[in-house]
Amino acid sequence: MKEETVILITGCSTGIGRELCKSLSEKGYTVVATARNVESIKDLPVSLKLSLDVTQKESIANAIDKVLSRFEKIDILVNNAGFSARGALEEIGLNVAKSMFDVNVFGIINMIQAVIPEMRKRNSGKIINVGSISGKFAQPINGIYCASKYAVEALSDSLRLELCNNNIQTTVIEPGPIKTNFFKTLVNNSKDVLTNQKSYYSRFYESDSKYRDKQKLTDPKVAAKAISDIILKKRLNSRYKVAVPFLYSMITHFPDSLKEYIMRKR
């Protein structure tokens, strides 16, 4: 029965996480929506809404305890929480860089360490790590975010090997650019760096801003529908591209020299 499948999703306040909650709930699954500020998800039509900060183990433990007390299991974990900030490696603040890794990488590790023991007890489960197409090729002034998403790729591959005897599947979702608050938050997180006219990299920042203004973005509902269809498959592939523009998809197969040539031209 669908209602017996418990799906825990992180980062549900906006974007893909929010739409994914709606899509899965509409299909009749038991969805646990989480966000740092639970007020931001109070209107979501889900089975349970919880406050959860993926960088805080106590917050994670409290949330997991509530899920298990209510439903006695977690069938699918969707590690969706993440954020980005732009800036050349020479200029980006280390605290910003560390925060990105705390959420995008260590947040996933925290959730994995909390949930896997429960899945192993039942010898069943799925772990869905939401990465990015930026985890497949690097871009200028986006190095820290790309690095964090490269890490998600490696974590997912290692986890799949480690859990192969426990019937716990792992995959990584690689979304392209989605029409959410992601880019607005990105700009807010990077404002001081991106607007510095005296920066040696100002031409990169200006070019990136113009590129983002004209960039075609996918409706998050469309992306969420595709992701929900993927995670409900009986057998998962190692990775899936979602809403990735044709050029981006092609770049992932190009040799390094050609990738860098295209990025320089961009």
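**Figure 1. Helix H4 and its length.** The expected span of a helix is 1.5 Å times one less than its number of residues. The model shown here is predicted. H4 has 20 residues, so its span should be 28 Å. The C-alpha atoms at its ends lie 28 Å apart, in agreement with that value. Buried residues in H4 include Ile144, Tyr145, Cys146 and Ser148. Lys149 and Glu153 are also buried, as are Ala151 and Val152. Ser156 and Leu159 complete the buried set in H4.

Figure 2. The structure holds 3 aromatic pairs. Phe137 sits in the loop between strand E5 (125-130) and helix H4 (143-162). Tyr248 belongs to helix H8 (residues 246-251).

**Figure 3. The cluster of Tyr200, Tyr201 and Phe204.** Ring pairs join these three residues into a cluster. Between Tyr201 and Phe204, the centres are 6.1 Å apart. Their planes stand at 50°, so this pair is tilted. Tyr201 is buried, at 17% relative accessibility. Phe204 is partly exposed, because its relative accessible area is 28%.

**Figure 4. The largest pocket.** This pocket holds about 1,100 Å³ of space. Its lining has 47 residues; closest to the centre are Asn80, Ala81, Gly82, Phe83 and Phe182. Helix H1 (15-26), helix H3 (94-122), H4, helix H5 (182-194) and helix H6 (202-214) each give two or more residues to the lining. H5 supplies the largest share, 4 residues. By type, the lining comprises 19 nonpolar, 22 polar and 6 charged residues.

**Figure 5. The second largest pocket.** About 230 Å³ of space lies here. Phe137 and Phe204 are both among the lining residues. Lys136, Ala138, Gln139, Pro140 and Tyr150 also line this pocket. So do Asp256, Lys259, Glu260, Met263 and Arg264. Helix H9 (residues 256-265) makes the largest contribution to the lining, 5 residues. The lining divides into 6 nonpolar, 1 polar and 5 charged residues.

Key: Residues numbered from 1 in each chain as written. Predicted model: local features only at pLDDT ≥ 70, side-chain atom pairs only at ≥ 80, totals over all residues. Heavy atoms only, no water. Phe/Tyr/Trp six-rings, centres within 6.5 Å; stacked < 30°, edge-to-face > 60°. Buried < 20%, exposed > 50% of the residue type's maximum accessible area, 1.4 Å probe, protein only. 1 Å grid on protein atoms, 1.4 Å probe; cavity = no way out; pocket = protein on both sides within 12 Å on 5 of 7 lines; lining within 4 Å. Points joined across faces, edges and corners; volume = space filled by probe spheres on them. Nonpolar A, V, L, I, M, F, W, Y, C, P; charged D, E, K, R; others polar.
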